[in-house]
Amino acid sequence: MANIEYRTLGNSGLVVSTIGLGCNNFGRPNTASETQAGTDAVIHAAIDAGVTFFDTADIYGGERGLSETLMGNSLKRRRNEIVLATKFGMDMAGANGPDWGARGSRRYVRLAVEASLRRLQTDWIDLYQLHTPDHTTPIEETLSVLDDLITEGKVRYIGHSNLSGWQIADAEYKAVLGGHPKFISAQNEYSLLVRGAELEVLPAVNAYGLGFLPFFPLYNGLFTGKFSRSGGPADSRIMSLRPHLLETAPWDTIEKYEAFCAERGVSMLSATLAWLLAQPGLSSVIAGATKPEQILQNATAATEWTPTAAEVAEISELFANPS
Ligand SMILES: NC(=O)c1ccc[n+]([C@@H]2O[C@H](COP(=O)([O-])OP(=O)(O)OC[C@H]3O[C@@H](n4cnc5c(N)ncnc54)[C@H](OP(=O)(O)O)[C@@H]3O)[C@@H](O)[C@H]2O)c1
């Protein structure tokens, strides 16, 4: 078992591993985790290493629902060992029937949660997240149906994703006003190269005591250290699906970062995970993995280096204006 640390998700009693597992690779075409066997290998390696936090969504997988279906098959006997998070509210292309864009509505959320529970083969979801703001449905209505799901025991805690700072504050206020359970977590894009959350989202997250879950924390794998100006492994997501990320990456800055890591004898992966985990409010880094060795490496790398506050600041400064 790796030497993983655990934190509460914000001001809640839900404890998660600081290295979580992003599950959007399960059922993703042309990856090692496209199949049931590939998914099983990653999931069981993660649990055996002490990773407890698994983050999926109803929409993930080559076809909608496939990540949840593969996870449900994998987890059966080990469901109690993990904290299972999923999401609703992205366009399921009719899989839950017509929704008229109101995917935070009482009508739709009921359909979505039953479908996720069925695919995941479980009676409860530990963290149920609104995947994206619903501009049609008042947030009071979404909070109200989520409140009912908690009372019924189908959902334990609720979170949100892709909300702006003012939407986070509004949801907090409406929960208090309506006497509903509050969202305990926020999931937004955040990495060394995407720092927009620092402007409005992270201040709101910290003001209200939410736990923060950064998505694309390794910038699609760029900060694992396996890429250079000239390319990387052919079977990686970046090389096969997003080669433009390599073309547009600020290589001068990344190479300075490589030198910073080399001076201290740490890998870029360890330094990046340590920098993320040093950010106030951050609860779990939900990097994805397509192979068991990746999640094992991430679980180990996270505690290999403890940067000083000055070193955290130096990394932040290095990427303030990347070139
Ligand atoms: N809320 C939202 O709107 C939203 C949006 C996107 C994602 N997410 C969540 O965020 C999670 C993480 O995102 P992500 O997985 O796309 O991005 P990421 O963490 O930035 O990149 C992870 C990718 O890097 C590679 N990798 C990971 N560990 C590695 C290691 N030790 N060595 C070498 N390569 C390694 C793997 O891809 P390859 O093997 O292909 O290189 C892996 O899929 C998702 O699973 C999902 O749960 C949420």
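Me: What makes Leu127 a bridge partner in S7, and which residue does it face there?
Reply: In this predicted model, the bridge partner of Leu127 in S7 is Tyr157. Strand S6 covers residues 125-130 and strand S7 covers residues 155-161, and they are joined over 5 bridges in the parallel sense.

Me: Why are strand S3 and strand S9 called edge strands?
Reply: The open sheet has 7 strands in the order S3-S4-S5-S6-S7-S8-S9, with parallel pairing. Strand S3 (21-22) and strand S9 (211-215) each pair on one side only, and they are therefore its edge strands.

Me: Which strands does helix H3 lie across?
Reply: Helix H3, made of residues 106-120, lies across strand S5 (83-88), S6 and S7, and its direction is at about 140° to that of S5.

Me: How do you know that Val205 is in contact with Ile168?
Reply: Contact requires C-beta atoms within 7 Å, and, with neighbours within four places in sequence left aside, Val205 is in contact with Ile168, Ala186, Leu210, Phe212 and Gly281. Val205 and Ile168 are also among the residues that touch the most other members of the largest nonpolar core, which has 84 residues. Helix H10 (residues 268-277) gives the largest share of this core, 8 residues.

Me: What makes up the shell around the ligand?
Reply: The shell divides into 10 nonpolar, 16 polar and 3 charged residues. Of the 29 residues around the ligand, those that come nearest are Gly22, Gly221, Ser236, Arg237 and Gly288, while helix H11 (residues 292-301) supplies the largest share, 3 residues.

Key
Residues are numbered from 1 along each chain as its sequence is written. This is a predicted model: local features need pLDDT of at least 70, side-chain atom pairs count only at pLDDT 80 or more; totals for chains, interfaces and linings use all residues. A residue is near a molecule or strand if its C-beta atom, placed from the backbone, lies within 6 Å of it. Helices (H or I, at least four residues) and strands (E, at least two) are DSSP runs, numbered from the N terminus. Ala, Val, Leu, Ile, Met, Phe, Trp, Tyr, Cys and Pro count as nonpolar, Asp, Glu, Lys and Arg as charged, and the others, Gly among them, as polar. A nonpolar core is a set of buried Ala, Val, Leu, Ile, Met, Phe, Trp, Tyr and Cys residues joined through C-beta atoms within 7 Å. A residue is buried if 20 or more other C-beta atoms lie within 10 Å of its own, exposed if 12 or fewer, and partly exposed in between; C-beta atoms are placed from the backbone. Two residues are in contact if their C-beta atoms, placed from the backbone, lie within 7 Å. Two strands pair if DSSP finds at least two bridges between them. Axes are lines fitted to C-alpha atoms, for helices over the stretch in contact, and angles run from 0 to 180 degrees between N-to-C directions.
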